[in-house]
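Here is my note for a colleague who is new to this structure. Please keep the sequence and the model open while reading.

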Amino acid sequence: MEILLDLLSVNYPAIDFANERSLISGGILDSVEVISIITELEDAFDISISMEYIKPENFDSLEAMWKMIEELK
Amino acid sequence: MQYNSLYFLIFLLILIILYYILPHKHQEKILLIFNMLFYLSFGLDKLLFLLISSFIVFLASLKIYSIQQKESLILLKTKDNKEQKIAKNKSKKESRKILIFTLGIVFLLLVYSKYLKFLIGNMNVILRYFNRTIEMDSIYIISAVGVSFYTFMLIGYLLDIYWKRYTAEKNFFTFLTFVSYFPHIVQGPIGRYDRLGSQIREKHSLKYDNLIFGMQLMLWGFFKKMVIADRINLLVSTVYDGWEHYEGLVFVVATALYSIQIYADFSGCIDIVRGASETLDIHLDKNFAHPYFSKTMPEFWRRWHMSLNEWFRDYLYYPVSISRFAKQNSKKIKTLYGPASGRLFVSVLSAFVVWLATGIWHGAEWKFVIWGLFHAMLIISGVIWDEKIKAFTIWLKINTQCFSWRLFQMIRTFLLCCVGRVFFRAENIKISLNIFKKTFSRFNPWILVDGSLYTYGLERWNFNLMIITIVILFVVDMLQEKMSLRQVFAQQNLIFRWLIIYLGIFSIIIFGIYGAGYNSSAFIYNQF
């Protein structure tokens, strides 16, 4: 999960990915940023994120994103 | 049946009584019967059209769900990766076929009901060169009320099932109750089954808060529609319908007022329907969050007609952004020009597709296409120039953390929005271009002070009343930004609360704008 945190923190330094639990539901990430994150995750972890996985609960926190990556690997 | 008619109030009153008096087990049935009666008031053909669309999507969702269930069973039985992959692919292929076929039918029905006249009109332009035309009168078109709204609800539901977001509804009547739910079928908010389906199935008891809050919200909605929007409409219609006779600043005034009119009209309707739904203990999604306080255009669209924009985000923006076409081309651009350009390509492509679709959704006219493309241009410019503008403000040493900068941003967003409104309100593109031309043909700021403003459809008294009510709307919106006004209101003394409620009721009766037969004018978004 450290790799993911580093990746996101470099691209979005203003967002506290380590502690934030409502990145989507709290309106911290907008749709453009979600798509950017998806592209970065796909490239970094060699996964393909399909529409089934694009839902708020999968992007609301660092843990949720990591769980999704593990599932898709 | 209009939401702002006396018939609707009687209809709602009878429903509330039956809904809470009869045993809980009948609530869903009563709701369905009243939904059907409400929609039947627009015509039997329209109701049949709705039933057919709903039934097709219901059947497709069940079929897709059963394919997915079979796939899950196979995955449980076998641990072999190869077999699992085969099962997944087979399931996806089968369900995709059903999805595409059903979406095709639903789109055809939408095109038939909403866009056929537009298509024939455009085809006739070409056919005239060959001395042929298609007679419009020879085609029977069912212009189904709220077709854009309920079609989107149906598509959203089917895609959610396809993407395994929740399980399919097995009872057609429950599904139909959701789609045809009378508060949202005509003008939204575009309902999501995962949030509304469970509420429809629940048993509801009469709660004082729901009844009072619901009625208060309805009252505020009636005030916005009948006192504010319909009064502004008199001025806006005078200027826009007789545009040949005016020039200069009058168009700026009329367009700014139209922006307020459409907000009061549409959000007023949403307040009425959300309030009506709240009296039945069913809570619809918010559709507005004080959009004119937005500092940027993307923020404006997150606050205006939220259910439509969220729909486009979830069912069009994301799929386009992660499509094979977007990914492949983004990778190519990334290799050639760097990662930022790759990301930019995806943003531009998705924004263009979404805004073109938003424009077309609003109506079968070229002016809506232009309006959509205008907003696409604004959003795309924002994406391209965002970093450069930030750098420029730093270079100019502008304090961007103070009130005056935020106010500047709000006014800028409002003005940009007003430019788009000219296309939206004018009868066609040619007239809107003429209006732009006439706006700058003469500089006549004296119309603001020489009494001319009282000659555009509203005499002095009515014009001043319009200004007062707009100020009330602005203050209420501003307070709502900071607090839950209804909670604060509920904490006040009984006499004060009733005084305000009576003031509201009497101001609607006395200051409301009524047409023939004491019916208020139709809502602007009824046509969509």
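The points below go from confidence to domains, then to the chain contact, helix packing and backbone details.

1. Basis of the note. This is a predicted model; local features need pLDDT of at least 70, side-chain atom pairs count only at pLDDT 80 or more, and totals for chains, interfaces and linings use all residues. Residues are numbered from 1 along each chain as its sequence is written, while chains are lettered from A and ligands numbered from 1 in the order in which they are written.

2. Confidence. The model scores ipTM 0.90 and pTM 0.88. The term pLDDT stands for the predictor's confidence in each residue, from 0 to 100. Chain B has a mean pLDDT of 90, with 97% of the residues at 70 or above. For chain A the mean is 88, and 100% of its residues reach 70 or more. Within chain A, helix 1 (residues 2–11) has the lowest confidence, a mean of 86. Helix 4 (residues 62–72) of chain A has the highest, at 91. Helices here are DSSP runs (H or I, at least four residues), numbered from the N terminus; strands would be E runs of at least two.

3. Domains of chain B. Domain bounds come from an automatic or database domain assignment. For chain B, that assignment gives domain 1 (19–203), domain 2 (206–284 + 426–528) and domain 3 (295–409). The centres of domain 2 and domain 3 of chain B, taken over C-alpha atoms, are 29 Å apart. Their contact takes six residues from domain 2 of chain B and five residues from domain 3 of chain B. Contact means that the C-beta atoms of two residues, placed from the backbone, lie within 7 Å. On the domain 2 side, three residues are nonpolar, three are polar and none is charged. In this scheme Ala, Val, Leu, Ile, Met, Phe, Trp, Tyr, Cys and Pro count as nonpolar, Asp, Glu, Lys and Arg as charged, and the others, Gly among them, as polar.

4. Where chain A meets chain B. Twelve residues of chain B and eleven residues of chain A make the contact. On the chain B side, helix 12 (306–321) and helix 14 (339–362) each supply at least two residues. Helix 12 of chain B gives the largest share, five residues. By class, the chain B side has six nonpolar, two polar and four charged residues.

5. Helices 14 and 15 of chain B. Helix 14 also packs on helix 15 (residues 366–395) of chain B, at an angle of about 155° and with the axes 7 Å apart. Axes are lines fitted to C-alpha atoms, for helices over the stretch in contact, and angles run from 0 to 180 degrees between N-to-C directions. The two helices are therefore roughly antiparallel. The cut-offs: under 35 degrees is roughly parallel, over 145 roughly antiparallel, 65 to 115 roughly perpendicular, and the rest oblique. The contact residues include W355(B) of helix 14 and W371(B) of helix 15. They divide into 16 nonpolar, six polar and no charged.

6. Helices 9 and 18 of chain B. Helix 9 (residues 208–241) and helix 18 (residues 460–482) of chain B pack at about 130°, with their axes 10 Å apart. That angle makes helix 9 of chain B oblique to helix 18 of chain B. The class count is seven nonpolar, two polar and two charged.

7. Helices 6 and 8 of chain B. Helix 6 (residues 172–179) and helix 8 of chain B have axes 10 Å apart and pack at an angle of about 115°. T174(B), T177(B) and F178(B) of helix 6 take part, facing Y193(B), L196(B), G197(B), I200(B) and R201(B) of helix 8. Four of these residues are nonpolar, three polar and one charged.

8. Backbone details to check. The peptide bond between G188(B) and P189(B) is cis, with omega about 5°. P189(B) lies in the loop between helix 7 (182–185) and helix 8 (193–201) of chain B. H290(B), a residue other than glycine, has a positive phi, near 50°. H290(B) is in the loop between helix 10 (249–279) and helix 11 (297–303) of chain B.
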